[in-house]
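Hi everyone, thanks for coming. I'd like to walk you through one structure today, so please have a look at the screen.

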Amino acid sequence: MRDTSDLGNMKDAVMAAIIDLAEEHKDVVMLEADLMTCLGSTGFKKKFPERFYNCGIAEANMVGVAAGLSSMGFVPFADSFGVFSSRRVYDQFFLSVNYAKQRVHLIGTDPGVVAQVNGGTHMPFEDIALMRQIPDLIIIDPSDGQSCYELIRQAYESGHSSYIRVGRRGITHRYPVGTKIELGKGIVLTEGDDVAIIAEGETLVNEAVKAVEILKEKGIKATLVDMHTIKPLDTELIEKLAKKTGRILVCENGRYAGGLGEAVAGHLAKVNPTKMDFVSVGEKFGEVGNLSYLIKAFNFSAEDIAAKAEALVK
Amino acid sequence: MVEFIHLRKETQMLDLQTLEMLEKKAKEIRISTINEIAHLGKGHIGGAMSIVEILTYLYYHEMNIDSSNPKKEGRDRFVCSKGHAGPAVYATLADKGYFPADWLLTLNKGGTNLPSHCDMTKTPGVDFTTGSLGQGASAAAGIALGQKIKGESSFTYLIVGDGESQEGQIWEMAEFASTHKLGNLIAFTDFNRMQLDGYTKDVINMDNIDTRWLGFNWHVQRINGHDFTQLDYAIQQAKLATDRPSMIICDTIKSWGYKPGVGVTANHSMAVSEEDAKVAIAALEGGCV
């Protein structure tokens with residue numbers, strides 16, 4: 001397995017995965033929507049010019065073309081900002097790709113607050129909810145470079161379509177190469193009996209890691225899970241967490257309605273109703289700002305997470 | 001400029017025997033289509049009937065396909081982007097032997113393999129799922145691109161509606177296909193001048209459709225879409241234009257061959273009784289459309 005610890009940005013991990021897959025599999029093709037330099041797919045174009053197509057600023061057509069290519073036996077990776085990969089092409093991705101049982105990996109970059117200075121118009125909070133409506137679709141939101149690389153490869157191997165929710169700039173190196181990273185299986189980062197925190201995505205997992213330390217100082221022992229795969233949901237682990245702690249806080253860089261929190265709550269409502277709370281976005285649209293401002297503005301900070309976890313315990 | 005019908009040296013005229021075969025097949029497909037819809041009692045009769053000659057020509061005289069091997073490698077592909085014309089596609093595929101003819105009477109009934117709109121996961125011989133207008137066009141461009149990447153000499157044939165061409169995705173596809181020089185993509189516009197709410201001119205005007213496609217750098221021809229000799233000529237010419245995709249604007253009449261629907265603004269999807277069907281079929285068999 002490739003070691004990604006030398007990569008400087010999440011986009012490098014995304015492109016390393018796609019280029020490595022393309023080296024190994026002739027069916028891998030890549031489609032862009034005029035964001036080649038943003039994701040760094042220029043590297044793919046250079047290496048496989050006959051398998052790279054820039055579709056211009058026409059995302060709906062790009063996803064339709066990807067669907068047609070899939071019907072010809074290719075496995076397209078198509079890229080745009082998350083707002084366009086979800087809201088703008090939803091019907092095309094829903095029908096031409098998924099309803100038609102085609103296989104396309106759609107990359108939606110800059111999820112939620114990660115959109116920073118491009119948000120609010122470019123700040124996708126609702127992509128998780130939208131993508132959760134699509135049967136058999138895989139949704140991943142990796143929290144570090146190594147898991148990003150490995151989960152994209154596993155999504156390809158799964159034979160399903162996927163929505164890859166990922167940041168571009170900067171990178172967290174959380175998992176050394178060799179760590180067991182498995183699609184559909186959350187990773188337990190810390191163990192504790194008082195409360196379980198389920199977090200998704202780089203920003204919220206990073207904040208949650210800090211929150212666990214804050215809680216520790218207060219004598220609260222928290223289990224923390226990196227739920228890198230939103231669909232299919234690791235219900236087995238969720239049930240274990242509910243049984244173990246009886247209190248679950250779900251943290252997501254997205255909207256509450258239809259998000260990971262509701263998915264967890266919906267499952268537990270059926271099998272083991274559990275005391276829960278959520279760190280997510282409610283009735284608010286996105287806005288511009290740098291990451292530290294936005295983390296505070298949307299109450300995503302380690303302090304916010306710790307406060308909610310503490311309230312659950314009390 | 002739009003290339004109006006004029007014969008070129010390399011064009012072979014359609015021989016009389018083939019022409020008679022195609023006309024006979026078109027009549028049979030029309031009758032099957034009417035029967036499918038009448039058995040259900042209602043359906044998209046108008047837009048199904050207007051594409052019958054295009055379908056007949058492609059399936060009986062043009063495409064490299066094999067109904068005993070619907071997924072044959074290297075075959076030509078067909079996408080009916082106006083997916084609601086499914087009943088005419090199904091009548092054609094059944095006659096070609098892709099599935100038993102008795103499936104036709106299951107159209108749109110629970111558990112059927114023949115849903116209202118074309119579905120590649122259900123119907124043998126359907127190359128792509130359509131129904132949300134505009135989407136089949138992009139899929140066809142993707143298929144044509146895939147054929148090129150694979151180095152195939154095959155073609156992708158696409159039918160879009162004139163009403164459907166109000167969708168922005170059609171024009172996103174148009175610029176993509178010409179930029180990537182998809183000379184193996186041959187499209188038809190079923191220019192029947194009508195849409196669900198009435199005449200296109202009264203909803204969104206689709207005039208100058210030929211110059212619109214010319215503007216997108218397509219090879220453009222305009223023909224009578226119910227005339228096999230014109231279809232024959234236009235497709236041969238389209239295949240010669242290897243450096244760009246082709247659009248053949250087909251002037252057609254919505255519901256052509258099902259008389260009760262001709263000129264009726266509600267003919268997009270209408271009730272078709274067994275009695276109406278009998279009268280229309282008798283007229284077709286008597287040589288009238």
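This is a predicted model: local features need pLDDT of at least 70, side-chain atom pairs count only at pLDDT 80 or more; totals for chains, interfaces and linings use all residues.

Residues are numbered from 1 along each chain as its sequence is written, with chains lettered from A and ligands numbered from 1 in the order in which they are written.

Back to our pair. The strands β5(A) and β6(A), the latter covering residues 162–166, run parallel and are joined by 3 bridges. By strands and helices I mean DSSP runs, numbered from the N terminus: E, at least two residues, for strands, and H or I, at least four, for helices. Two strands pair if DSSP finds at least two bridges between them.

Now zoom out. In chain A, 7 strands form an open sheet with mixed pairing, in the order β2-β1-β3-β4-β6-β5-β10. Which strands stand at the edges? They are β2 (52–54) and β10 (229–231) of chain A; each has a single partner strand, so one side of each has no neighbour in the sheet. On average, neighbouring strands are turned by 20° against each other, direction ignored.

Helix α1(A), residues 10–24, touches β1, β3, β4 and β6 of chain A, and its direction makes about 140° with that of β1(A). Helix α4(A), residues 59–71, touches β1, β3 and β4 of chain A, and makes about 170° with β3(A) in direction. Those angles run from 0 to 180 degrees between N-to-C directions, with axes fitted to C-alpha atoms, for helices over the stretch in contact. Contact means C-beta atoms, placed from the backbone, within 7 Å.

Next, the domains. Chain A is assigned domain 1 (10–166) and domain 2 (187–313), with bounds from an automatic or database domain assignment. Their C-alpha centres lie 26 Å apart. The contact between them takes 28 residues from domain 1 and 31 residues from domain 2 of chain A. On the domain 1 side, α7(A) gives the largest share, 4 residues.

Finally, the two chains. How many residues does each chain bring to the contact? Chain B brings 22 residues and chain A brings 23 residues. On the chain B side, α5(B) gives the largest share, 11 residues.

Key: Two residues are in contact if their C-beta atoms, placed from the backbone, lie within 7 Å.
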